[in-house]
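Please open the model in your viewer, with the sequence panel beside it, and follow the stops below in order.

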Amino acid sequence: MKKSLLNLFTYSLALFLLVFGFIHFNSPDSMTAFFPDAVPRQTRLFLIYLSGAAEIILGTGLFMPRFRKMAALLTIVMLIVYLPLHIRDLFLKYPAIGSKNVAIIRVFVQFILIYLLWLVSKTKPPSPEND
């Protein structure tokens, strides 16, 4: 993949993570539906805030060449951790994301993101004087 396209992806995903990370703090109740009813509300909120903080940190890391590889690999881990919640959403009568079609697309896109982040993690970082 061309480096310029991979950079565009990296910066776009970084911005996406930052925006959605802040949404976790501004609208946490909109995300509680992604958790099974058996998970207590306070636990749900804690996990929402924790994942929001992780998204903000990882998004910031993707913007910084020195931390990009680590941020890409940790974002892959985060996406894998989210995967069971997103797959569960596929089988709900009323998916938390809004519709079955969107739930299907989200899981498919998640695998594409994991692949692209793997490519990002494999790109050679710039030399320190270019940082």
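**Whole chain**

Start with the whole protein chain selected: among its contacts (heavy atoms within 4.5 Å) between residues at least 6 apart in sequence, 66% join residues at least 24 apart. This is a predicted model, in which local features need pLDDT of at least 70 and side-chain atom pairs count only at pLDDT 80 or more, while totals for chains, interfaces and linings use all residues. Residues are numbered from 1 along each chain as its sequence is written, and side-chain values use heavy atoms, with hydrogens and water left out.

Switch to a cartoon view, where the protein chain shows four helices and zero strands, the elements running α-α-α-α from the N terminus on; helices (H or I, at least four residues) and strands (E, at least two) are DSSP runs, numbered from the N terminus. The C-alpha trace spans about 50 × 30 × 20 Å along its principal axes. Of the 131 residues, 37% count as buried, where buried means under 20% relative accessible area, exposed over 50% and partly exposed in between (1.4 Å probe, protein chains only).

**The nonpolar patch**

Next, select Tyr-11, Leu-15, Phe-16, Val-19, Phe-20, Phe-63, Met-64, Phe-67, Met-70, Leu-74, Val-77 and Val-81, which make a nonpolar surface patch of about 1,100 Å². Patches of this kind are made of residues with over 30% relative accessible area and no salt bridge, with nonpolar side chains (Val, Leu, Ile, Met, Phe, Trp, Tyr) joined within 5 Å. Helix H1 (3–26) and helix H3 (68–90) each supply at least two of the patch residues, and the largest share, five residues, comes from H1. Now centre on Phe-67, which sits in the loop between helix H2 (41–63) and H3 and is partly exposed at 38% relative accessibility.

**Three salt bridges**

A search of the whole structure finds three salt bridges, each being a side-chain nitrogen of Lys or Arg within 4 Å of a carboxyl oxygen of Asp or Glu.

- Select Asp-29 and Arg-41, whose closest N and O atoms are 3.0 Å apart; the pair links Asp-29, in the loop between H1 and H2, to Arg-41 in helix H2, 12 residues apart.
- Move to Asp-37 and Arg-44, with closest N and O atoms 3.6 Å apart; Asp-37 is exposed at 72% relative accessible area, whereas Arg-44 is buried at 12%.
- Finish at Arg-106 and Asp-89, where the closest N and O atoms are 2.8 Å apart.

Terms used:
Patches are made of residues with over 30% relative accessible area and no salt bridge: like charges are joined within 9 Å, nonpolar side chains (Val, Leu, Ile, Met, Phe, Trp, Tyr) within 5 Å. Accessible areas come from the Shrake-Rupley method with a 1.4 Å probe; for residues, only the protein chains shown count as cover.
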